[in-house]
Amino acid sequence: MAVVPAASPFFTPDAIPRTNDLAPHLYRVLALLRVWDWSQLWPRWSPDLVHGYGYPVFNFFPALSHMSVALPAQAGLPIPAAYRLVVFLQYWLAAAGAYWFGRTLFNGIGGWLGALAYVYSPYFLYDVGVRGSLPETQALVFLPFLTLALWRAAQGSRRWTAALPFLFAGMFLSHYPVTYQSLLILGLWLLWLAWRWGWRALVGPAVGLFLGVGLTAFFWLPALAEIAATQAEISISQGYGIAQNFLWLRELFAAPMLPADPALLNPPVVRPLPLVALLVAAAGLLWGWRRLDQAQRWLATGWGGLLLLAIWLITPASAFVWNAIPLLDQTLYPWRLLGVISWLALGLVAAGTSRLAAVRGGGWLAAALSTLFIVVATPWLFLPQEPFPENPTLSHLVAFEAPPYFIGTTTLGEFLPHTVAELPDTTALRQELTHTSNPDRLVECAQTDQQCASPDPLDAVYTATLAQPATWTYRQFYFPGWQAQLDGQPWPLYASDPHGLIQVDLPAGAHTLHLYWGTTPARRAGALISWLALLAGMPAFFLFLAPRLPKPTRSSPAPSLALSRLTPLACGGAALLAWLLVAHVDSPLRMFRLTPTGVWGAPATNPIDFAGELRLLAAELPPSLPDASQTIHLDTYWQAQRPIGVIYDFGVHLVDENGLVWNTPDTYRPRDWRFIGSAPWPLDGYRLEPFELRLLDGAPPDLYQVQMGLVRRDTGQTVAAHPIGAVRLLRPANGDAPLEEGLQPLTPPPTAAGLTLLGSRLDRREARPGDPARVALLWQVAGAAANQFTLSLTAADGRMVWQLTRSIAPQYEPEQWRVGDRLRSETVLRFPAGLPSGIYSWQAQWASQPPIPVGAVTIAAPDRSFTPPPVAIETNASLGNVAELLGADVTRQADSLQLRLVWRSLAETAVSYRVFVHLRDAAGQIVAQSDAEPAAWSRPTTGWLPDEIILDDHQLTLPPDLPPGAYTLLVGLYDPTTAARLHLPDGDDAVFLQTVTLP
């Protein structure tokens with residue numbers, strides 16, 4: 001009854017909690033069931049993954065947890081229903097194991113409260129409801145049982161020593177990284193016990209673990225031997241290594257977002273310590289320390305020390321330990337040790353609360369503590385949901401995979417064979433998988449007279465008569481274990497280049513080809529070791545049988561009869577009542593925060609419409625920033641206004657009053673951001689999109705506007721942009737931090753009149769006349785200084801072609817400057833339209849300092865013409881005072897219109913106008929268009945000289961379903977910044993070229 005609240009989020013019909021990994025694990029269960037149909041009891045290869053080309057995920061990721069779901073699914077339950085059943089059993093078994101452990105070492109009340117502290121620990125709930133890590137959760141279920149077995153084996157129990165190998169195997173084959181990390185702490189715990197009891201106490205645990213390692217050799221030995229045949233290194237390069245996954249102490253003490261809101265699709269991810277459990281344990285131990293016997297004190301002391309060690313191992317300070325212990329860094333996430341910390345907290349809670357059995361009212365206090373454990377777990381008990389098919393099929397699995405990264409139910413495709421340099425086109429096989437349960441994998445099946453459609457892709461037999469030698473391709477990736485026989489004799493296979501598919505060279509004649517998934521030397525050796533360990537362990541297990549529930553230790557006080565009857569009912573009832581109250585009554589712990597006008601608790605702002613697609617409900621950012629070295633944290637809340645059919649990204653910029661962007665170009669996300677992908681935009685929920693904005697090195701004090709843009713990922717087009725707030729920077733950065741990436745240092749940095757020029761950055765090294773340029777200079781205050789410098793552009797012969805004197809920081813007066821301040825000047829200009837080709841030098845000068853070269857740029861001037869060519873269509877239409885469209889040539893192709901526009905420049909301009917070409921129907925609707933800078937983006941209008949002739953080619957692709965009729969061809973110029981068009985003398989904003997009759 002007490003675990004019902006924990007499992008409650010998993011019983012929503014037609015949905016599952018929106019987690020990182022749950023859907024991939026459920027689809028992995030589907031792949032497992034498919035492999036079972038082909039008589040592969042413990043699978044290593046799934047032929048259905050990667051759109052039917054196969055994937056060795058089960059060779060490197062143990063499948064025991066997936067089997068726990070597959071078994072009830074095989075019996076007839078839908079996969080989601082089977083998973084819900086398994087989740088409830090996992091919670092119940094974890095609580096039962098924790099209770100058993102606590103009761104054995106202390107008493108029933110200590111065991112009960114320790115069990116609740118364990119299953120309601122933040123990490124256990126995070127692992128189930130946020131990560132959706134079915135395998136790791138199952139390993140945490142085994143952890144209390146394994147610990148109890150080690151304890152009893154150390155005491156000399158033959159029964160528990162016999163059970164220990166199987167408990168270890170169950171945990172290891174559920175999730176070996178958690179097992180490996182846990183054994184580091186459990187090993188130290190055993191050494192602690194051996195120091196107390198004598199070194200003979202290690203014999204039973206050592207024998208049991210040794211046999212357990214042997215039992216699992218069939219898995220770990222091939223995994224270690226064959227990992228080199230995969231692309232596993234990609235996980236480290238993509239940020240999945242230990243270096244990126246340590247936690248700082250502030251993160252271990254972080255609080256979850258309150259109130260919990262089921263409508264929020266991605267509340268922040270926090271992985272804190274079980275602080276409430278540790279506080280309860282500390283209070284109980286301080287109160288009851290004298291009443292504990294010496295053995296229990298010894299245990300609590302050891303657990304406390306191991307707890308501190310485990311916390312330290314999660315922090316970056318322990319990196320050298322992770323790099324020194326073999327294979328430990330391959331467990332990837334140091335924060336997995338929070339599972340072990342939850343177990344240590346269980347023991348400490350059991351120790352600290354065991355004395356409640358001997359005090360008046362202890363049962364009711366236990367009920368209150370039970371309620372406390374559940375109430376503080378509220379943020380993990382009300383989870384956002386996402387739809388999941390009740391009966392997933394291969395078509396769902398195919399649609400779920402997204403090559404090249406999210407394939408094979410893994411994020412990065414890290415188990416792809418290393419021979420796969422490039423993924424093949426999966427379109428054909430993907431469609432076959434969608435429409436048939438078992439497509440033939442042989443490419444040549446339709447080209448020869450061999451027997452096709454082998455019912456088992458892992459054991460396929462083909463017959464054929466070949467007139468000449470041929471190479472056959474089997475649509476599975478080559479990997480150790482694939483074998484072939486030709487006419488009953490072994491036959492070589494190899495991997496195709498670059499797709500890594502199985503290929504076999506066949507001689508001419510009549511042949512029978514047998515392609516099958518076999519074994520390898522490493523798998524045979526591992527299986528042999530496991531069989532030997534099983535033969536050694538099974539007789540002992542059956543001889544001593546499974547251990548029975550032990551009675552409380554003699555040192556624990558016997559509970560009174562009244563207490564033993566009332567405590568379970570009171571604790572369970574109080575826990576269930578607390579959950580029902582929180583679940584149905586809005587409170588600071590749980591409520592729906594989404595309102596018609598925004599988000600409750602967020603700053604009250606008017607929602608902003610972004611192109612009718614998304615609505616910005618609220619934005620939270622600090623009004624000021626102490627100095628430029630700090631990070632600006634921005635939280636934005638978004639809701640879809642209608643079903644979203646494209647993928648959007650967000651662009652965030654800090655801009656000054658001149659429109660210059662002052663944040664670094666990379667978009668940073670805080671570590672607690674919960675990524676949920678781009679597609680989920682349910683209309684009844686909302687998303688939190690947080691950003692961390694980092695100012696450019698040397699950003700001066702100023703008021704910066706925050707601009708938010710909505711960008712289509714497929715086209716890169718910004719469909720809408722709005723200011724959403726402002727931040728005032730109070731001080732510049734100060735000190736000697738390394739230069740920002742991209743800034744070129746000056747060596748040695750010149751100093752004059754209290755200013756040191758540290759470095760420079762040019763936005764381009766090559767340019768054309770009329771192109772924009774941005775020159776950044778980073779200064780540092782060395783003393784009293786003036787707020788001015790001169791930037792010039794000098795030709796190779798020393799001739800100055802451009803010069804500007806300006807302030808370094810217009811909004812930051814020199815009297816406010818401090819020694820060590822870093823100030824950045826950003827100068828934006830356009831190269832003169834008449835600038836000839838050559839190499840030019842940028843130079844900076846201030847006070848009495850001679851000009852300092854800060855960079856160079858190569859100008860490539862275009863070939864210019866001032867003689868117009870003949871045109872078929874003459875227009876002679878002037879657009880503003882910028883350009884005259886002299887005419888055009890239009891050529892009709894089968895599916896397009898080819899245009900050559902001829903422009904005459906009327907004057908130099910500072911605006912880079914774009915050309916639009918529209919083909920419109922009789923109703924004025926655009927049916928085809930081109931939109932670009934002139935001459936395929938190579939001749940911006942800012943580089944035109946007066947009377948220059950510019951040839952500008954465009955292509956209009958005609959839609960294949962365009963109906964016959966008369967269409968109008970129009971041309972014009974517009975400012976891309978304001979969208980304002982240039983007008984003809986008669987006021988029109990487009991030049992009519994001709995009427996096009998189609999077809």
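Modeller: Here is the part you asked about, followed by the rest. Keep in mind that this is a predicted model, so everything below is read off computed coordinates.

A search of the whole structure turns up 31 salt bridges. Let's zoom in on R764, which shows up in two of the pairs. One partner is D763, with the closest N and O atoms 3.8 Å apart. The other is D771, where the closest N and O atoms are 3.6 Å apart. Both pairs pass because a salt bridge needs the nitrogen within 4 Å of a carboxyl oxygen.

Elsewhere, R981 and D989 make another salt bridge, with 3.5 Å between the closest N and O atoms. Here R981 has 27% relative accessibility and is therefore partly exposed, and D989, with a relative accessible area of 30%, is partly exposed too. If you'd rather look at a cluster than at a pair, go to E740, R761, R774, R824 and E826, which salt bridges link into a network.

Now for the helices. Helix α6 covers residues 79–105, and it packs against α9 (residues 134–154) at an angle of about 20°, the two axes being 9 Å apart. That angle makes α6 roughly parallel to α9, since anything under 35 degrees gets that label. As for handedness, the crossing of α6 past α9 is left-handed.

L93 is one of its residues, and L93 belongs to a nonpolar surface patch of about 430 Å² made together with L77, L85, L89 and W92. With a relative accessible area of 35%, L93 counts as partly exposed. Residues need over 30% to join a patch, so that value is enough on accessibility.

Which peptide bonds are cis? One joins L258 and P259, with omega about 0°; P259 sits in the loop between α15 (249–252) and α16 (275–288). Another runs from D497 to P498, with omega near 15°, and P498 is in the loop between β7 (494–495) and β8 (501–506).

A611 has phi of about 60° and is found in the loop between β12 (608–610) and β13 (614–620). Its relative accessible area is 46%, so A611 is partly exposed. W937 has phi of about 75°, but this time the setting is a helix, α25, spanning residues 934–937. W937 counts as partly exposed as well, at 41% relative accessibility.

Definitions and conventions:
Residues are numbered from 1 along each chain as its sequence is written. This is a predicted model: local features need pLDDT of at least 70, side-chain atom pairs count only at pLDDT 80 or more; totals for chains, interfaces and linings use all residues. Side-chain values use heavy atoms; hydrogens and water are left out. Patches are made of residues with over 30% relative accessible area and no salt bridge: like charges are joined within 9 Å, nonpolar side chains (Val, Leu, Ile, Met, Phe, Trp, Tyr) within 5 Å. Accessible areas come from the Shrake-Rupley method with a 1.4 Å probe; for residues, only the protein chains shown count as cover. A salt bridge is a side-chain nitrogen of Lys or Arg within 4 Å of a carboxyl oxygen of Asp or Glu. Helices (H or I, at least four residues) and strands (E, at least two) are DSSP runs, numbered from the N terminus. Buried means under 20% relative accessible area, exposed over 50%, partly exposed in between (1.4 Å probe, protein chains only). Axes are lines fitted to C-alpha atoms, for helices over the stretch in contact, and angles run from 0 to 180 degrees between N-to-C directions. Angles under 35 degrees count as roughly parallel, over 145 as roughly antiparallel, 65 to 115 as roughly perpendicular and the rest as oblique. A crossing is left-handed if the near helix is turned anticlockwise from the far one by less than a right angle, and right-handed if clockwise.
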